[in-house]
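Trainee: Please take a close look at one part of this structure, the aromatic cluster. Which residues form it, and how do their rings pair?

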Amino acid sequence: MQKILVANRGEIALRVMRSAREMGIKTVAVYSAADRYALHVRYADEAVFIGEAPSNQSYLVGDKIIDACKQTGAQGIHPGYGFLSENAAFARLVREAGLILIGPSPEAMEVMGNKLSAKAAALKYNIPMVPGTEEAITDIAEAKLRAVEVGFPILIKAAAGGGGKGMRIVDAPDDFEEQMNLAVSEATSAFGDGSVFIERYVSSPRHIEIQVLGDTHGNIVHLFERDCSVQRRHQKVIEEAPSFVLTPQIREAMGKCAVDVARSVNYTGAGTVEFIMDDALNFYFLEMNTRLQVEHPVTELITGIDLVKEQIRIARSEAISFRQEDLKINGHAMELRVYAEDPDNNFLPDIGTLQTYITPKGPGVRVDDGFEQGMEIPIYYDPMIAKLITYGKDRTEAIERMIRAIDEYIITGITTTLPFGKFVMQHEAFTSGNFDTHFVKKYFTPDSLQTGNETEALIAALVMEKLLAAKKLAVAETAVAGESNWVKNRRV
């Protein structure tokens, strides 16, 4: 592949393009009307306009992505995460067009895209499962009987979904019918598929996931674990690698299970096998994500492996560039997803302009972002602004660097999750490692955050304003002068 198209936007598009550039590969960006002047569009060698701002008119339209490849001569497509990254129908379109998808086969996507078929595949290798049903249930009376057999509390889960949609916790038989109806309705609305199944509810779980890579030569390896237990609305906010609670023996067992899950579908490319772990450190298979994960940087930092480069090599039919025995864990890494959200208002999204945007620097700090000062946060897409990642020789140093980086990260004009990240890093439950997926519910309230962070950020912004005034003027003049050159290099 001499040229690849990145079918995504923002920080992940930039992340992929940077690795491609290091490999000497040309890149093509696609963009909606809302992203015409986005950083990923300016960074790419070429860019193609694919539609209006709503994603169902642009980033989710597979035919437009294929057409953009044909226009530019791109031979491969990297889907990033979200949008079309786990869409088996799109993967088939890519294959039928004679192009290469930098990801797994559509067949693997289909099996792992449904939690029930994923469980059936994993069972071939005797992977530990949470006690529950192995098939979809629609009859409420039968489902209630099965729930009693499993034992309350139970969890009703949508077979086709994720992110907490179509999921209901039921503590007692009397509540079952109402909660099942709600779960089926929500699953139908969110995924077009009302299939649900039942599992025993693990009351104090850790969310542990294993990064895997598979190639076309039959090699499958794992790159250790990530702990993603700090969540809001069943979605991750903070991730770290390695996990604080895993022993070497458990790590080896989970790694083997993850490789076996990937092997059950002849997996190629980068994927993540997710597990739930109870307070006795028993782990159970949850699902497999058939794409690069948002939190992949923490794995890269502790292993020294560029996962995007490995994805591209695998898509070019090359073997994985290392063996399992070559890998070892070095140091510790933390990631905070910096969202345009208000933690004091149930993490509701915030929109506006990045009036001040100054990123942290220094030893052990990495920022993957897709914005710069003066840009607006679009209402059409996920509200993540950046991923703030820190690395240290151990967990304590990674936490200390995260606190320092949060203090240095200056954002005004919108509310973000930065203060929440500092709250977590300084909380005894987190620093001691004694936490689970209920961290937010147990410890965080709207009055938990100090207003001092906002005051400090405002003062810093005012101080920086004068220092940056001359630079802003120069940048504006350069932008105007370069507009014609920008247009020349872009297909619209």
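Mentor: Buried means under 20% relative accessible area, exposed means over 50%, and partly exposed lies in between, with a 1.4 Å probe and protein chains only. By that rule Phe347 is buried, and so is Phe444. This is a predicted model, in which local features need pLDDT of at least 70, side-chain atom pairs count only at pLDDT 80 or more, and totals for chains, interfaces and linings use all residues. Residues are numbered from 1 along each chain as its sequence is written, and side-chain values use heavy atoms, with hydrogens and water left out.

Rings of Phe, Tyr and Trp (its six-membered ring) pair if their centres lie within 6.5 Å; planes under 30 degrees apart count as stacked, over 60 as edge-to-face and the rest as tilted. The structure holds 16 aromatic pairs. In one of them, the ring centres of Phe347 and Phe444 are 5.8 Å apart and the planes stand at 45°, so this pair is tilted. Phe347 sits in the loop between strands E15 (341-342) and E16 (348-349), and Phe444 in the loop between helices H15 (439-443) and H16 (452-488), so the pair ties together parts 97 residues apart in sequence. Helices (H or I, at least four residues) and strands (E, at least two) are DSSP runs, numbered from the N terminus.

For Phe423 and Phe439, the centres are 6.4 Å apart and the planes at 65°, so the pair is edge-to-face. Phe423 belongs to helix H13 (residues 418-426) and Phe439 to helix H15, so parts 16 residues apart in sequence are tied together. Phe423 counts as buried at 16% relative accessibility; Phe439 is buried at 0%. Together, Phe347, Phe420, Phe423, Phe439, Tyr443 and Phe444 form one aromatic cluster.
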